[in-house]
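This report describes one protein model in plain terms. Please look at the sequence and the structure before reading on.

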Amino acid sequence: MTRVWNFAAGPAALPAEVLQQAAEEMLDWRGAGVGVMEMSHRSKEFVSIAEQAEADLRELMAIPANYRVLFMQGGAIAENAIIPMNLMGEEKRADYVVTGSWSVKSQKEARKYGEVNIAATSEASGYTTVPPMSEWKLSARPSYLFTCTNETIGGVEYPFEPDLARIGRAEVPVVADVSSHILSRPFDVTKYGLLFGGAQKNIGPAGLTIVIVRDDLLGRAAPFCPTAFDYRTVADNGSMYNTPPTYAIYIAGLVFQWLKRKGGVAGIEAQNIAKAELLYGFLDDCPFYENRIDPACRSRMNVPFFLKDESLNDRFLAGAKDAGLVQLKGHKSVGGMRASIYNAMPLEGVQALVDYMRDFALRHG
Ligand SMILES: *Cc1c(COP(=O)(O)O)cnc(C)c1O
């Protein structure tokens, strides 16, 4: 068996030790005589798995007691509809900060359910930066303000937490799509009304969506909101109103345990900073490559870059694959290359990428 360095944006690499443990438990979970995929979601075994996963996530993110953790399905794209259905309320108006492909998509979907005000956009820069909060223009009474705090495709990450108290609008709940950087750095959950993300970037398998929502935002769903997507219903039923994605929750739980062994969010953040410094430092030093993002807003998780001579792209990718470095092709809307270096990517993998890139530049520069 050979495992390569997988730089996929999502579904993405998982820690080998998590996969190893899952393999060992595949046919018989800790003496249950069945594997996790075969368990009733209401069995005491699975309920204990889900409860442990939630407790570990709460501990890792220091989630206060007045927030509910929901294990849902549909991914972040479904949440783009589920959020307005739940939160737009009587006002039927929400504010969006647009910083790249994902928030463009989110505000477009929200328009099906009410009025959308673009509070700020970095479109003029080609979505290479994050507009500072001092420039955000909130509407009079938005039901919430939406942000995507790490734009996975563009490689743009907020260098600050969107804390509306700082602009005198603490009453507006902040919603954040954190799909691609949840658990990569600390979040002050109390600054948000709702945090959400698909699991397949930085947590576990596709199919699980994590929603962290403040208590007072439950029970506001529009009458047409599907029952299974009404946050109140999901919360009241411990995420088991319908059958949750049981196996994905189990793997997420193993990843949370792995993260705790790694020193929690603080431990993994230190590793993520070292990885990002290594890769961006190299990109800045080597004129053969370039990254076009505002240095203050560079994502620690998704690093897009270009070869100065783009006619070498195919050769770069083929050579990378031969060197055991895969999924480096940039998103089709951006072009070039992208290395996603989530929590599960060790420094060693980023070092292997930099070594290859240096060698390629020497041979073709
Ligand atoms: C991947 C991603 C999505 C889309 O997630 P799906 O699971 O495909 O719905 C949305 N937002 C961000 C920030 C993402 O990284």
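Which residues does Met 61 touch, not counting residues up to four places away in sequence? Met 61 touches Ile 182, Leu 183, Phe 187, Val 189 and Ile 212, where contact means heavy atoms within 4.5 Å.

The model is predicted: local features need pLDDT of at least 70 and side-chain atom pairs count only at pLDDT 80 or more, while totals for chains, interfaces and linings use all residues. Residues are numbered from 1 along each chain as its sequence is written, and side-chain values use heavy atoms, with hydrogens and water left out.

**Domains**

The domain assignment, which is automatic or from a database, gives two domains.

| Domain | Residues |
|---|---|
| Domain 1 | 7-13 + 264-364 |
| Domain 2 | 17-261 |

Taken over C-alpha atoms, the centres of domain 1 and domain 2 are separated by 26 Å. Across the two, 27 residues of domain 1 are in contact with 27 residues of domain 2.

UniProt, in an unreviewed entry, lists residues 4-353 as "domain: Aminotransferase class V"; such annotations may be inferred rather than shown by experiment. This span is 32% helix and 17% strand, and its end C-alpha atoms lie 11 Å apart. Helices (H or I, at least four residues) and strands (E, at least two) are DSSP runs, numbered from the N terminus.

**The core**

A nonpolar core is a set of buried Ala, Val, Leu, Ile, Met, Phe, Trp, Tyr and Cys residues joined through side-chain atoms within 4.5 Å. Buried means under 20% relative accessible area, exposed over 50%, and partly exposed in between (1.4 Å probe, protein chains only). The largest nonpolar core has 59 residues; Met 61, Trp 136, Leu 183, Tyr 250, Ile 251 and Phe 256 touch the most other members. Helix H6 (246-261) is one of the elements that supply at least two residues, and H6 gives the largest share of this core, 11 residues. Both domain 1 and domain 2 give residues to this core, so the core lies between them.

**Two charged residues**

Asp 163 sits in the loop between strand S7 (156-157) and strand S8 (174-177). Asp 163 is buried yet has no salt bridge, that is, a side-chain nitrogen of Lys or Arg within 4 Å of a carboxyl oxygen of Asp or Glu. The nearest side chain of opposite charge, Lys 191, is 4.1 Å away; Lys and Arg count as positive and Asp and Glu as negative, with His and the chain ends not counted.

Arg 42 counts as exposed because its relative accessibility is 52%.
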